[in-house]
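Please find below a short note on the structure you asked me to look over. It is arranged as numbered points.

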Amino acid sequence: MALSKIDAELTAITTVPSEGGAVTTNIVQGLAKAWASIASDGASTLDSFGISSIDDDGIGDRGLNLTNSMNNVNYTGQNTVVYSHVSGSSNMRNTAIDSKTTSAIEVRVGYVSGSALINNDNPHDVQIVGDLA
């Protein structure tokens, strides 16, 4: 079989069986398109995929610029924060998505103290799932 025929057959496959074989998943739509593990300085990544750069908009406020644009702004972005007592506060940490465009997502990390939201730079992770343009 010629190499070009193998390439054509591989690119045509969009679903694969699960590990146990009971279900299938769409490998085009079912995979994360971008993710990042963001360091506590808020301006750098510990590791990432599909992220071209980060802009640090202030403490706990940053934008992640995507390497490849999404098809529309209806993709999902999930955030998780690495919780620690390093800052001296035992308040629960929160993450939020400020805004999304097809080429970037703005995220915040902070905690509530009394009635105020305090931004902070705990390490956190972001994952983007949806259709690429």
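This is a predicted model: local features need pLDDT of at least 70, side-chain atom pairs count only at pLDDT 80 or more; totals for chains, interfaces and linings use all residues.

1. Arg 62 belongs to strand 6, which covers residues 61–66. The relative accessible area of Arg 62 is 0%. Because buried means under 20%, Arg 62 counts as buried.

2. The surroundings of Arg 62 deserve a look. Leaving out residues up to four places away in sequence, Arg 62 touches Asp 55, Asp 56, Asp 57, Glu 106 and Asp 121, among others. Its contacts also include Ile 38, Gly 42, Ile 54, Ile 105, Val 107, Val 109 and His 124.

3. Asn 79 lies in strand 7, which runs over residues 76–81. Its relative accessible area is 16%; the cut-off for buried is under 20%, so Asn 79 is classed as buried.

4. With neighbours within four places in sequence set aside, Asn 79 is in contact with Thr 95, Ala 96, Ile 97, Val 107, Asp 125 and Val 126.

5. How many cavities of 30 Å³ or more does the model contain? The count is one, and the largest cavity holds about 30 Å³ of space.

6. The lining of the largest cavity is made up of Lys 33, Ala 34, Gly 50, Leu 66, Thr 67, Asn 68, Met 70, Ile 128 and Leu 132. By class, five of these residues are nonpolar, three are polar and one is charged.

Terms used
Residues are numbered from 1 along each chain as its sequence is written. Side-chain values use heavy atoms; hydrogens and water are left out. Helices (H or I, at least four residues) and strands (E, at least two) are DSSP runs, numbered from the N terminus. Buried means under 20% relative accessible area, exposed over 50%, partly exposed in between (1.4 Å probe, protein chains only). Contact means heavy atoms within 4.5 Å. On a 1 Å grid over the protein atoms alone, a cavity is a set of points where a 1.4 Å probe fits but cannot get out, and a pocket is an open set with protein on both sides within 12 Å along at least five of seven lines; lining residues have an atom within 4 Å of a point. Grid points are joined across faces, edges and corners, and a volume is the space filled by probe spheres set on the points. Ala, Val, Leu, Ile, Met, Phe, Trp, Tyr, Cys and Pro count as nonpolar, Asp, Glu, Lys and Arg as charged, and the others, Gly among them, as polar.
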